[in-house]
Amino acid sequence: MESIVELKEVTKVIKGRTIIDQISFRVNKGEVFGFLGPNGAGKTTTIRMIVGLMGITSGDITIGGYSIKSQFEEAVGHIGAIVENPEMYKFLTGYQNLVHYARMSKGISKDKIAETVELVGLSERIHDKVKTYSLGMRQRLGLAQCLLHDPAVLILDEPTNGLDPAGIREIRDYVRLLAREKNMAVIVSSHLLSEMEMMCDRIGIIQDGRLVDVQRVNEFVHEGTEVTYELEVIPAEKAMILLTVHHPNLKANHSRNGLTVELSKEEIPNLVKLLVADDISIFGIKEVGKTLEDRFLEVTSEKEVALRG
């Protein structure tokens, strides 16, 4: 795939403290790239450097082959971004806001405005004043504003903040549509990991200003040979003691229906024999898939332990 955004050993130092430490990654055309990390990890700082709102101490960022440091106008011309919340003139209509914004860029016609309004699903309300819009509608108007000049890269920092489930789903669907239909690269930062799992093709995890990992979502979530299985057993307490004695290295926990155990598929038959031989009733065994949230917490907690060590 063709990359459109590239960070090359980007570092940010503020008052002698290294906030971002030699981050490097690429984002490709037509993909949704999720940028994840705990609070204070450096996500928003990195995004601010990508869009030119904050200077780079060392390294470089290129957008469409243009350096954000030495070719600023050419680089940012490829970007549409919402960093935190979109700001609008609430006393104007949605359409008047877009016309006002369109004057700042060359070649944006009335047809282009109408096409963008339809794309984000605001045709019926675009001539109403923004002060009457819901938060979800303001987010969609912000998206329209970002898309007027046909950017190659769309950057959304916490785009679903404060939205209800329907609004969150709308934003997710629009993001996927833009990547698929417009071949646009989309960089999304969010705390809603379940949404990121459904929205993103790849994810990058940042912690303490360092890039921990970049992987495809499916590969990251299912990494490793061991799978978590839920065992519906009675008595569960007796089963837990048995596993602790005979398989002390297995990761076992109590669940609502019995136990959850991390093991490979090949180990299941022997585990069943062990439980049955000790008069433990087994009513079911099912695989419990890990989520992006599960893997994210695993990776960040492992990294935290390593840093402390």
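Mentor: Let us begin with helix 1, bearing in mind that this is a predicted model: in helix 1, the buried residues are K43, T45, T46, I47, M49 and I50.

Trainee: Why is S189 called buried?

Mentor: Buried means under 20% relative accessible area, and S189 has a relative accessible area of 1%, so S189 is buried. S189 is found in strand 8, which covers residues 185-189.

Trainee: Which residues does S189 touch, leaving aside those up to four places away in sequence?

Mentor: With those left aside, S189 touches F35, K43, I47, L156, D157, E158, P159 and M196.

Trainee: How do you know that the side chains of S189 and D157 make a polar contact?

Mentor: The cut-off for a pair of N or O atoms is 3.5 Å, and the contact between the side chain of S189 and the side chain of D157 is at 3.3 Å.

Trainee: Why does K112 count as buried?

Mentor: The limit is again under 20% relative accessible area, and K112 is at 12% relative accessibility, so K112 counts as buried. K112 is found in helix 4, residues 110-119, and, not counting residues up to four places away in sequence, K112 touches L147, L148 and D150.

Key:
Residues are numbered from 1 along each chain as its sequence is written. This is a predicted model: local features need pLDDT of at least 70, side-chain atom pairs count only at pLDDT 80 or more; totals for chains, interfaces and linings use all residues. Side-chain values use heavy atoms; hydrogens and water are left out. Helices (H or I, at least four residues) and strands (E, at least two) are DSSP runs, numbered from the N terminus. Buried means under 20% relative accessible area, exposed over 50%, partly exposed in between (1.4 Å probe, protein chains only). Contact means heavy atoms within 4.5 Å. A polar contact is a pair of N or O atoms within 3.5 Å; within protein, one must be able to donate a hydrogen and the other to accept it, and residues adjacent in sequence count only if both atoms are side-chain atoms.
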